[in-house]
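Reader: I'd like a close look at one part of this model: the place where the two chains meet. Could you walk me through that interface and then show me the chain behind it?

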Number of protein chains: 2
Amino acid sequence: MTFKKIVMLGFSDALLDSEHWQRLDSLGNNIVKLGKDSQNIVEELRGADCLLSNIFAVPITREFIDAAPNLRYIGVYSTAYGKAEPEYAKTKNIPICNIPGFSTEAVAEFAIGAILEYIRDLERSKQLAREGDFSEVPKFPIYEIMRKNFGVIGLGRIGYRIAELALAFGANVYYWSRNRKPEAEQKGIKYKDIDRLLAESDFLSINLPWNKDTNLFMNEVKIRKIKPGAIFVNLSPNELIDFSALESRLAKNDMVYIADHTDEMLPDLIKTLSNYKNCVLYPPLAFATKEARLNKQETFISNIESFLRDVPTNVVN
Amino acid sequence: MTFKKIVMLGFSDALLDSEHWQRLDSLGNNIVKLGKDSQNIVEELRGADCLLSNIFAVPITREFIDAAPNLRYIGVYSTAYGKAEPEYAKTKNIPICNIPGFSTEAVAEFAIGAILEYIRDLERSKQLAREGDFSEVPKFPIYEIMRKNFGVIGLGRIGYRIAELALAFGANVYYWSRNRKPEAEQKGIKYKDIDRLLAESDFLSINLPWNKDTNLFMNEVKIRKIKPGAIFVNLSPNELIDFSALESRLAKNDMVYIADHTDEMLPDLIKTLSNYKNCVLYPPLAFATKEARLNKQETFISNIESFLRDVPTNVVN
């Protein structure tokens, strides 16, 4: 079985290795690649039975879904699928398949790395060493993860893995999640309600998917509750954050914000946030290891193959 | 009991907090602080019964020991004591007390942090994000610790803690040490002979003290054996390394050297090594967390107090 027409939105050639492009080629009689500025997306979708989207580059709209009456499959090139209208697609019986967990380890390692980078002041340290300047060294206010309170908001795959690593570093690890997680609690990851978690954690990592329940999860009230001096790490979607409330808090210089989804920020927001020394921005690299890239492509293609064999995998809606 | 005369070499005021200076004040009738350029060290030592040295600033020589016929105690402000003539002091029945383990966690966290900083290219990433430039992001050759071979040379306190953290990151962890460590092996830290460890590890951390047996431990033969592409982390003394052999290897650009004892390098060596992108130099910060600073001062002073109460602690010779 193959698809008659696959429409791909927002895929640059570099997104898949040649091996995976070849596998994809054999799954559709006709494959059309379009970018976010393409004028003919709706038109091309008319005959499509498969829609694949890199939803951060080109979100899937209801209009797109409506434009494709024969659509049988939507594949998103991400774990997130909030930008693919999952509920609307469900009303039309179109499964959306995502790529869960491909970057669990990549993101968890990044979270710890970015925290250590900050608390050990590695960027400035490297610069000083190159200059052979050791005068400031005794004054470096660097500290350890061990014995600090480490709070994880959202204990899915990534949150759980970050919590496990924090435990290994000897932190006191707490979590808040919509549902209690007995397995995690047995490992020593203790539950706190969200208000206490925010108020008592020295390190906070938010690891929630973006959906209507989590939109602006970190609203003004919650942002104000973050413990003075805490480091807040957001490797999840920007939509979880009320940035104007965050900015007010950053201006007080009593917390640190570390995030990596800057490519989805407007240039003005990047500029504003970059003015704060207590705001550390990264490109979207947390999930982007070599290993994660391979996991991701493998699952993306095998989801399509599985659907065509009538054993769909990773259906989210 | 107190000492009649304490001579302190290489202690800046900032090294101890005021609380610890006060405790020290009550332990000697006369306390003389001298720096490495002081002309009167030998003279001042004549009446000293206690010699305290920050040996990285002012090493203790045989001449110093000979100059103080009444010397009863040597305290080094470090874990390392190779620069305090431990064997010579022993022939004169002078105990040397050091400060073991104060920085175990600090150094272990730094080792992991510096590795993550490198394999995730954090310094460059931060710069690109500030500039809002995401064009290079897909090409970043970043990767994970998980499932790589992680080799630890020397399984003392620090080496063991680094090995534990590497295990938590899902690495395959191996060690070489003069003596087998059954407890570590039960935890999954496997033994390899040094040649295989060098040849097969993707990450290597050397955690040996400096002494006559370990001087230039990483000689030309061993440096040549390091696996192509490996990251070699040295947060131990520079004296373990044959730098001319290291430079030849760095020039081939097929390994990475990360180290933090740059303050003890000659400016020319810093300059030479800084030319290699595959050499990452830090100031001496691995051990220098707030927590380690406090641990260190506490043990340094309590060693002296314990000696004066005839229950000496942390005698190394």
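Author: Here is the interface, followed by the chain that builds it.

Keep in mind that this is a predicted model. Let's start with how the copies sit relative to each other.

Now the contact itself. On the chain B side 48 residues are in contact, and they meet 48 residues of chain A. Which elements of chain B give two or more residues to this side? They are helices H5 (104-119), H6 (122-131), H7 (157-168), H12 (267-274) and H13 (290-308), along with strand S12 (279-281). H5(B) supplies the largest share of the side of chain B that touches chain A, with nine residues. Sort that side of chain B by class and you get 30 nonpolar, seven polar and eleven charged residues.

And what of the other side? Of the interface residues of chain B, 100% are also interface residues in chain A, so the two copies use the same surface to meet.

With the interface in hand, step back to a single chain. Chain A has 13 helices and twelve strands. Its radius of gyration is 22 Å, close to the 20 Å from the globule rule for 317 residues, so chain A is as compact as a globular protein of that length. If you box up the C-alpha atoms of chain A along the principal axes, the box is roughly 65 × 50 × 35 Å. Inside, 46% of the 317 residues of chain A count as buried. As for who touches whom, take the contacts in chain A with a separation of 6 or more: 60% of them are between residues 24 or more positions apart.

Domain 1 takes in 3-102 + 291-308, while domain 2 covers 104-281. Over C-alpha atoms, the centres of domain 1 of chain A and domain 2 of chain A are 32 Å apart. Where these domains touch, domain 1 of chain A gives six residues and domain 2 of chain A gives eight residues. The side of domain 1 of chain A that touches domain 2 of chain A has three nonpolar residues, two polar and one charged.

Note on methods
Residues are numbered from 1 along each chain as its sequence is written. Chains are lettered from A and ligands numbered from 1 in the order in which they are written. This is a predicted model: local features need pLDDT of at least 70, side-chain atom pairs count only at pLDDT 80 or more; totals for chains, interfaces and linings use all residues. Two residues are in contact if their C-beta atoms, placed from the backbone, lie within 7 Å. Helices (H or I, at least four residues) and strands (E, at least two) are DSSP runs, numbered from the N terminus. Ala, Val, Leu, Ile, Met, Phe, Trp, Tyr, Cys and Pro count as nonpolar, Asp, Glu, Lys and Arg as charged, and the others, Gly among them, as polar. The radius of gyration is taken over C-alpha atoms; the globule rule is 2.2 Å times the number of residues to the power 0.38. A residue is buried if 20 or more other C-beta atoms lie within 10 Å of its own, exposed if 12 or fewer, and partly exposed in between; C-beta atoms are placed from the backbone. Domain bounds come from an automatic or database domain assignment.
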